[in-house]
Every structure is written in C-alpha cells, then in structure tokens.
Amino acid sequence: MLNSTLEVSHLCTSFFTDRGEVKAVDDVSLRVDKGQVVGIVGESGCGKSMVARSVMGLVKKPGKIVGGSIVLNGQELTSLDDKELCEVRGRDVSMVFQEPMTSLNPTMRVGRQVQEVVAIHEQVSKEQARQRTLEILSAVGIPEVEARYDAYPHELSGGLRQRVMIAMAMIMRPSLLIADEPTTALDATVEAQIIALLKRLAHTGTSVLIISHNLGVIAQLADYVYVMYAGRIVEKADVCELFDNPLHPYTHGLLGAVSSLRSQSKVLQTIPGVVPNLANLPAGCSFAPRCDRCMAACDSVRPELVTVGAGHELCCHLTKGVDVL
Amino acid sequence: MRGNATTSLLRRLLYSLITIVGVAALVFVLLRMVPGNPVATLLGERADAETVERISSSLGLDKPLPVQFADYVLGALSGDFGESFTLGKPVVDLIGPAFMNTLRLAIAAALVAWVVGIACGLFAATHKGALVDRLFMGISLLGVSLPVFMVAMLLQYVFARYLHWLPVAGISDWTGYVLPAIALGWGSAGSVARLVRSSVIEELQQDYIDTARAKGRTKRQVLVLHALRNAMLPVITLMAMQFSGLLSGAFITETVFSINGIGRLSVQAITGRDIPLLQGTTLLIAFVIVMGNLVADLLYGISDPRVRKGV
C-alpha cells in the first residue's frame with residue numbers, strides 16, 4: 001500500500017508573458033503522507049499558491065506546468081486531460097481558497113453549492129445528496145443547518161462562509177485537502193476556530209497541504225514544513241525542528257517577523273527588500289540580495305538542497321561552514 | 001423583510017404614477033404653447049375667423065388651460081382621450097390597433113436583438129481575443145453606430161429589391177415583420193452583445209469560478225451553471241429597458257416600412273397638429289417607458305438575491 005498521498009517531484013510551472021518566461025514554481029519537490037499535515041510557508045508572490053494550483057490542475061493561462069510530476073494516490077496527474085482531471089478534483093483532492101467572501105457563488109444558496117459536489121461525482125438521489133450536505137454542514141460546526149442550507153453567501157459571516165467552503169471541500173472525503181491561506185481573510189478569533197476545525201479534519205485521516213504566510217498558523221497545524229522563496233524550496237524540516245533550529249537566513253527572517261508573547265525584543269524584525277522579479281532572478285541564490293549573511297559564492301552559484309539533519313534539508317551556501325549560524 | 005419589499009414596490013408604483021401625470025401635464029401645456037392655431041391648420045388657409053372660433057369652442061379649446069386639463073384628466077380616467085381632429089375618430093380606437101402593430105414589431109425586434117446579441121456576446125466572451133471575438137465586436141460596433149434608417153434601407157435594397165426574398169414594406173403576413181425587426185433590433189443586438197461579452201468575461205474572473213472548477217466542473221459547465229446567470233443580471237436590466245425603447249422608438253422603422261404603428265401615428269399627429277391624438281400617443285409612450293424601467297428594476301431585484309432583500 002502506498003504511504004504517500006501526494007508526491008510532487010521537480011515541478012516547474014511557468015508563466016509565458018511578454019517579458020519572457022516567469023518561473024513561478026521552479027523545481028519543487030514535496031511529499032504529503034497519509035494523514036499528515038504539510039505546510040508551505042513564504043511571502044506573497046513566492047509561488048506557494050502556484051504549487052497548489054498546479055496540483056489542482058488549475059493553473060490559468062498564460063501559466064503552464066512545464067516539467068516534473070504530480071502523483072496523487074499513485075496516479076500521475078500531469079498527463080491527464082481536463083475531463084479526467086475534473087473527475088479527480090473535488091473527489092480525491094479538494095481546495096479551500098483564501099477569500100471566503102468571493103469564493104462562493106453570490107446568487108446560489110450555499111446548501112446547493114455544497115450539494116453540487118456530490119452531484120458531480122456520484123449518482124445519488126437529490127434527497128440523499130441533501131442529507132449528506134446537511135450532515136457535513138453540521139460536522140464543520142455550522143449551527144441551524146436546515147436554515148443555513150437555504151441561505152445565500154451574503155447572509156453568512158466570513159467564518160461561516162469559510163466553514164461552508166471546508167464542508168464543500170470535505171463532503172467527498174478526499175484523500176488530500178489543500179488549504180490556501182484559509183484564515184488570512186478572517187479575524188483572529190474566527191481564525192482560531194477554523195484552525196481547530198482543520199486540525200480535527202486532519203485527525204480523521206485526510207492529508208492536508210496548508211499554505212500560509214503566517215508561521216503561527218503553520219506551527220499550530222503542520223507536521224512538516226516547506227519554506228518557499230522565489231519559486232523554490234529553500235528549507236524543509238519537521239515542524240519542531242524548523243522552529244527550534246531554523247537554518248536558512250530567510251526562515252530566520254520569517255521567524256523574526258512573528259510577534260510572540262515570549263520574544264524578548266520589543267520591535268519586530270523585517271526582512272529588507274522584496275521578493276525579486278521572477279522573470280529576472282539573480283544568477284546565484286535568489287535570496288542573496290536581501291540576505292545579511294551573503295558571501296561571495298551566493299551571488300554567482302545557485303545553492304542546491306542539501307540534507308543537514310534528520311529530515312532537515314537546506315538550500316544555502318552556509319551549510320558548508322561548520323559554524324552555521 | 002416582506003413588508004419592506006411591498007412598501008418599496010408601492011412607493012415605486014407611486015413614483016411611476018407621478019411621472020406619468022407629470023408627463024401628461026407637460027405635454028398638455030407644451031402642445032398649447034406651440035405657436036399657431038391647430039383649428040386654423042385643420043380648416044386650411046381660407047377659413048374665416050368666425051368659423052375658427054366656432055370650431056375652437058366646440059372642441060373646448062377656448063376654455064382656460066386648467067379647466068381643459070381637468071376635463072382631459074377626468075376623461076382619461078374613464079378611458080376617453082378625446083377625438084382626433086384630423087381623423088375624426090376617438091383617440092383610443094386609433095391608438096389601440098396601432099399599439100398592437102407596434103407591439104408585434106417590438107417583440108420581433110427584441111427576439112432578433114436578444115437571440116443574436118446573447119449568442120454573439122457569449123461566443124465572443126469564450127473566445128476572447130480570437131478573430132471571431134474581434135469580428136463580432138467590430139460588427140456590433142457597427143450595429144450600435146449605424147442609424148436605423150440606413151440599416152433599414154440597406155436591408156430593403158438587398159433582401160427585397162435585389163434578392164426578392166421579402167416584401168419591401170407593409171405587413172400582409174409574418175414575412176413583413178422580418179426586415180423591420182432586423183432594422184429595429186440591430187442596434188439593440190449590438191449593445192446586448194457588448195454587455196454580455198464584458199459581463200461574462202468579468203464573471204469568469206471571479207473567485208467562485210475557481211471554486212466551481214475545484215469541485216470538478218468542466219469549463220463549459222462552469223460557464224452555463226455558474227457564470228452565465230450572474231453575468232445576465234445587468235443584461236436583464238438592459239433588455240427590459242430596451243424593450244420599452246423598441247416599443248416607443250420605432251418611429252423611423254415604422255415610417256420606412258409603412259407599418260401603421262404608434263410611431264407612424266405620432267408623426268401623422270405632429271404634422272396635422274392633432275392635439276388629442278398626439279397627447280394620446282405621447283402619454284402611451286411615456287407609460288411604456290416608465291413601466292419598462294419599473295419592470296427592469298423589479299426583475300433585477302428578483303434575479304439577484306443580494307438586491308432582493310432591500311429592494
């Protein structure tokens with residue numbers, strides 16, 4: 001029996017624009033095991049959402065998967081046509097989007113939007129589909145489901161809408177749930193509730209790939225974390241290892257930018273500069289222009305992912321020195 | 001919520017009524033302010049002053065304006081809009097059949113406009129940037145900008161005079177409606193096509209389209225089941241307003257194709273200084289336009305749940 005739910009190897013997704021090829025995802029490999037919660041963390045524009053869209057087969061033009069493989073439950077997805085992918089989407093892999101305000105169809109009752117997923121993938125009676133919809137809606141913690149079933153999205157709060165999105169994603173019991181910034185648009189208390197809900201789902205055996213720029217969310221949910229920068233994986237490690245022993249200067253920067261009750265410094269750190277233009281990346285390490293530990297090699301030689309500990313890999317020239325940080 | 005909707009519907013109906021009464025008053029006053037005596041026009045140049053006076057008085061034109069208006073409104077409420085000066089028949093009997101002719105023409109024109117407009121708009125939207133898209137949009141621009149009489153005469157020349165497929169003018173059976181309907185609906189088809197196109201393109205960029213795709217819907221299903229309905233919301237409003245426009249704006253088409261409709265009747269009334277008839281047709285057109293706007297608003301409210309609540 002297969003152990004991994006999702007295995008992405010050497011995935012490359014590019015956008016072909018007037019200014020040339022933009023490598024949004026550049027040679028990314030990642031793996032999500034059964035029942036595991038894997039996080040991808042990085043700043044806006046670093047390609048994390050594009051990994052998710054590539055897995056869903058929903059990369060919009062002029063974007064295109066140009067290389068690599070995506071294997072879900074032993075099935076290669078990159079060679080499927082759209083019709084075959086439609087059977088996989090929603091049934092085996094589903095997705096929760098960032099913006100619950102706009103991710104639901106404004107003129108369709110929410111119950112029908114959830115029920116639609118069943119209608120697409122299974123031949124069941126309307127009554128059965130409705131029953132299952134009501135069950136999943138109450139399972140994700142929506143009160144008074146009978147009344148909410150007939151509500152329109154604008155009649156629900158942001159938190160309830162995101163619960164509807166999660167219900168929609170979970171109704172077919174997919175083996176993989178991708179959550180792209182599921183709490184970014186919500187306020188803090190609602191965020192905590194949604195995180196608790198996702199945690200509960202992960203315990204029922206569904207693998208989760210969670211994407212966030214928020215390390216707090218990642219720390220609470222993920223078992224294993226990938227740090228992405230400019231379309232590439234720069235560090236990956238078990239969640240405890242990453243937070244205890246971050247090695248990449250970028251990971252350091254991200255951690256320094258998080259406020260914590262226990263942190264000693266009063267001022268949050270920032271990472272100077274912005275994510276580089278993906279159409280025009282530096283020859284060496286893409287983080288070099290923003291890195292405070294940049295060396296001569298960093299500007300000219302691109303580092304590769306190297307194992308530095310148990311399940312801990314790093315893409316940085318600093319690994320060569322013994323005294324890492 | 002329901003009570004709110006009813007009040008707001010009543011309020012809108014009241015506004016519509018006020019508008020129509022206002023139009024009636026305005027038309028009434030304006031027509032009497034126009035220089036020249038309608039009775040003199042009616043009787044010809046050789047009529048003597050005494051006769052003109054006698055006839056004016058028999059028509060009630062010598063009474064003070066407010067009295068005349070009150071008489072008119074009272075009559076109108078009981079369905080009496082006076083008698084045409086030039087045709088000697090009750091205005092109602094003249095307007096009735098003419099309105100039916102115009103209604104048939106407007107329905108035919110709307111069918112042309114909407115079927116062609118929606119089909120072309122959808123096709124252009126789903127083939128955005130392709131040759132067909134640019135071709136359709138070019139043609140629709142032509143549709144919006146070409147004057148009706150030119151389209152009408154072009155159609156007459158090609159299909160009636162040159163190809164002999166359809167009658168040049170007049171209505172003897174349904175074939176008589178084909179050319180006028182195209183001429184009248186052509187411009188509307190252009191604006192519907194443009195709105196459908198931009199509206200569909202905009203809807204297809206919304207986040208919920210991604211959600212529907214992530215559920216496993218194909219592109220075509222997403223278009224038909226999710227995007228189309230929402231994209232049609234602004235189009236419905238446009239269509240409702242267009243229909244009243246087609247009903248009231250057929251002057252030129254009716255004249256070119258010799259159709260005895262409201263437009264042609266109005267033109268006759270204007271040239272003959274036929275005040276009661278002109279009042280009747282103008283009031284009818286005002287009524288049609290006000291109702292068209294009301295229906296457009298109501299339809300929008302019914303079809304969009306976000307608006308429905310607060311109508």
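**Close-up views of a two-chain predicted model**

The C-alpha centres of domain 1 and domain 2 of chain B lie 32 Å apart. The model is predicted: local features need pLDDT of at least 70, side-chain atom pairs count only at pLDDT 80 or more, and totals for chains, interfaces and linings use all residues. Residues are numbered from 1 along each chain as its sequence is written, and chains are lettered from A in the order in which they are written.

**View 1. The two domains of chain B.** Domain 1 spans 2-77 and domain 2 spans 91-308. These bounds come from an automatic or database domain assignment. Here 12 residues of domain 1 are in contact with 11 residues of domain 2 (C-beta atoms, placed from the backbone, within 7 Å). On the domain 1 side, α1 (2-33) and α2 (38-43) of chain B each give two or more residues. Helices are DSSP runs of H or I, at least four residues, and strands are runs of E, at least two, numbered from the N terminus. The largest share, nine residues, comes from α1(B).

**View 2. Chain A meets chain B.** The contact takes 26 residues from chain A and 17 residues from chain B. On the chain A side, α2 (82-88), β6 (93-96) and α3 (110-121) each give two or more residues.

**View 3. Around V192(B).** Its neighbours within four places in sequence are left aside here. V192(B) is then in contact with A113(B), W114(B), G117(B), I118(B), G121(B), V235(B), L238(B) and M239(B).

Definitions and conventions. Two residues are in contact if their C-beta atoms, placed from the backbone, lie within 7 Å.
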